[in-house]
Amino acid sequence: MADAKVIPFDDDRSRGGGKPRRRSGAGRPRRPDGGGGAAGAEAALSALPGGQGSAAGESGGDGADDGAGESGADGGGAGRTGAAGAADGAASGGRTAPPGAEAAEAVAAALQNALMDALPRLLGGGWERKATDALSFLRRRLTGDYEVDEFGFDAELTDQVLVPLFRPVFEKYFRVTVKGVENIPDTGGALVVCNHSGVVPWDGLMAQVAVHDHHPADRHLRLLAADLVFMLPFVNQLARKGGHTLACADDAARLLARGEVVGVMPEGFKGIGKPFADRYKLQRFGRGGFVSTALRAGAPIVPCSIVGAEEIYPMIGNAKTVARLLGLPYFPVTPTFPWLGALGAVPLPTKWTIEFGEPIPTDGYPPEAADDPMLMFNLTDQVRETIQHTLYKLLVERRSVFF
Amino acid sequence: MGRTVLVTGVARPLVGRLVRRLLREPDVDRVVGVDSRAPEHRLGGAEFVPADIRHPVLARILVEHGIDTVMHMDVTGTPLARGGRAAVKENNVIGSMQLLGACQQAPRVRRLVVKSTTSVYGSAPRDPAVFTESTPPKALPSGGFAKDAVEVEGYVRGFARRRPDVAVCVLRFANILGPRVDTPLAEYLALPALPTVLGYDPRLQFVHEDDVLDVLLLAAGEPRRGTINSGTFNIAGEGVLLLSQAARRLGRPTVPVPLPAVTWVGSALRSAGMTDFSPEQIRLLTHGRVVETTQMRELLGFTPEYSTVETFADFAAGRAAGLLPPREVRRAVDAVGELLGLPGARTPVQADGVAKESVHDG
């Protein structure tokens with residue numbers, strides 16, 4: 001999905017229920033499942049005597065109508081749901097056996113046969129291997145037999161669960177267009193500097209999915225997050241397992257020294273918590289600490305501009321007293337939040353673009369340059385200007401907020 | 001002429017093993033063990049002097065025995081026999097002051113090794129992910145063993161300034177585990193179900209008891225060529241283990257407890273005498289702690305034999321299996337695979353769903 005593609009917004013509803021797909025193997029995620037979503041949907045329909053499976057099959061068919069390679073994969077996913085329904089049917093058929101045992105057995109056998117025919121078509125030839133993979137994944141998780149790095153990053157969990165959870169949001173909800181991801185080097189450290197917006201840091205998560213799914217070398221974006229993230233229960237452990245760490249010079253330098261791609265939002269709370277009226281106006285870039293960290297590590301700086309995140313929660317007010325009571329840096333008031341409660345916390349389905357700009361090399365400077373404040377200010381400004389101009393350019397190109 | 005070593009805190013089993021190892025060193029002539037309580041284990045050919053390190057008699061012992069190496073192992077978190085936290089603190093802090101004072105008066109002392117802990121870094125959400133020896137703690141430990149260790153290290157630094165001729169080595173150990181030790185963390189991990197802090201999964205680091213002895217011997221002797229064994233070093237096995245991982249590897253179910261209630265559970269467990277659930281340990285089990293060990297490898301020239309994971313495996317092997325032994329869990333999953341794999345009906349989707357559930361609880 002490296003190309004810019006506009007999917008009509010209405011189509012999202014029919015496919016919204018699609019299960020997040022597991023990434024299979026090391027390659028690109030969407031091809032192996034394919035082999036024609038239409039075939040998958042058809043198989044699910046034929047395997048099933050009605051019930052929930054046919055509904056799933058229909059939604060798979062909807063997906064298939066869209067054409068394009070991506071929808072093929074989608075059909076496959078929905079088809080798989082159909083298979084689940086079929087399996088349930090088979091199981092329940094088996095359970096009701098005693099009264100009319102023979103008939104039920106015959107039905108069960110027929111269903112099973114149908115399934116055995118359908119499964120290879122649905123999941124491709126290697127479905128047994130996939131089943132085995134899933135079970136070994138489960139076995140590793142339940143026995144604690146996996147590795148995390150010193151930051152608590154759990155690569156397996158991120159690849160298999162966390163990114164697939166956010167992938168539908170990335171592909172179907174915000175329909176993110178990714179540009180210039182090849183500007184992130186294939187090997188070695190790099191510092192990705194993004195603008196920050198949208199009240200809730202969806203932009204960071206989407207940038208992470210963008211790099212994970214679209215970068216040819218399958219790199220992980222290691223985001224630097226505010227200390228608030230590491231104070232909140234649940235959020236902190238998911239953040240650590242997803243590869244994020246505290247935004248401080250020590251951690252950034254350590255990650256860059258390990259040759260990781262580090263993502264930083266220098267605007268911090270000033271950027272993410274700014275009112276709607278200030279959208280796409282970059283805030284102050286901290287003290288430029290990120291530049292000296294990159295300079296010390298000799299890592300290139302990749303400016304990254306994210307368009308679309310500003311409008312997901314139009315923040316028209318800031319309840320400072322509530323924020324102070326809750327210990328938060330701001331408490332957003334939007335047209336829907338907090339008035340509609342949890343429903344108001346659903347982000348607006350804006351159309352996003354994430355553009356990674358030309359890398360700015362930093363390895364040409366002498367080591368003592370990292371302590372030169374003028375150079376730091378200049379480089380910081382350069383990065384900031386680049387992001388701001390790219391934002392304006394993308395905004396001009398944008399047809400509408402939602403499409 | 002060989003060295004004469006004084007070791008404090010010899011009533012503890014691990015220190016007893018250290019004494020026996022020291023006696024086997026070729027350049028060690030004599031070992032003098034000091035503790036206020038007679039050790040239950042044998043000390044080999046070492047001489048045991050029953051003395052309280054809080055007492056000035058220590059200065060006389062140092063001179064009488066012609067001690068040139070002092071190994072201060074008596075900074076500990078748990079009381080050995082009677083006496084509560086106050087007695088432990090008294091022993092840790094006042095005892096260390098007395099010992100250092102005595103060392104200052106003893107001209108023959110050439111080397112001082114102090115056993116400290118990585119809990120001097122504290123544990124807070126605002127800390128960097130990995131502590132180096134020079135990282136200042138964001139929140140100083142508010143009490144308990146960690147605060148004692150911070151104070152003791154302060155006195156040791158003062159001593160090092162006053163006696164620049166003495167090589168001072170402070171070893172900050174991560175949580176010590178092994179088949180034989182009984183640290184508070186080992187006691188905690190021996191509980192049938194592990195109370196954890198709801199919503200937090202701390203990163204832990206362990207060091208094996210054998211590696212502890214090895215590195216203490218290394219620090220007690222002359223530095224090897226190309227290495228320096230004076231200064232402050234973090235000592236930990238390579239790698240990191242999450243608490244959830246550790247619990248699963250042990251086969252013990254976890255009981256997540258919301259943060260405010262953790263303190264109550266802790267004091268309940270403490271009064272039941274099951275484990276010493278100190279506030280500092282709760283902080284460790286909330287935010288975790290990982291230290292950098294480059295200095296240990298490059299300057300001290302020490303590479304632990306056991307990584308964190310191997311240390312934990314060795315510890316787990318020496319303990320009774322928990323309620324959910326990993327082998328059984330693995331077998332159960334395999335059974336599911338066989339059951340579903342043969343008819344081949346619902347494996348992929350179902351396995352997917354279960355996998356997600358398992359992730360949510362971890």
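**Exercises on a predicted two-chain model**

At 73% relative accessibility, A:Leu325 counts as exposed (exposed is over 50% relative accessible area, buried under 20%, partly exposed in between, with a 1.4 Å probe and protein chains only). The model is predicted, with pLDDT of at least 70 needed for local features and 80 or more for side-chain atom pairs, whereas totals for chains, interfaces and linings use all residues. Residues are numbered from 1 along each chain as its sequence is written, chains are lettered from A and ligands numbered from 1 in the order in which they are written, and side-chain values use heavy atoms, without hydrogens and water.

**Exercise 1.** Determine whether B:Ser307 is buried or exposed, and find its contacts.

*Solution.* Step 1: locate B:Ser307 in the loop between helix 10 (294-298) and helix 11 (308-317) of chain B; helices (H or I, at least four residues) and strands (E, at least two) are DSSP runs numbered from the N terminus. Step 2: B:Ser307 counts as buried because its relative accessibility is 18%. Step 3: beyond neighbours within four places in sequence, B:Ser307 is in contact with B:Gly237 and B:Glu238 (heavy atoms within 4.5 Å).

**Exercise 2.** Describe the open sheet of chain B and name its edge strands.

*Solution.* Step 1: seven strands follow the order 3-2-1-4-5-6-11, with parallel pairing; two strands pair if DSSP finds at least two bridges between them. Step 2: strand 3 (47-50) and strand 11 (231-235) of chain B are the edges, each pairing on one side only. Step 3: strand 11 of chain B pairs with strand 6 (residues 167-173) of chain B over five bridges, and B:Cys169 stands opposite B:Gly231.
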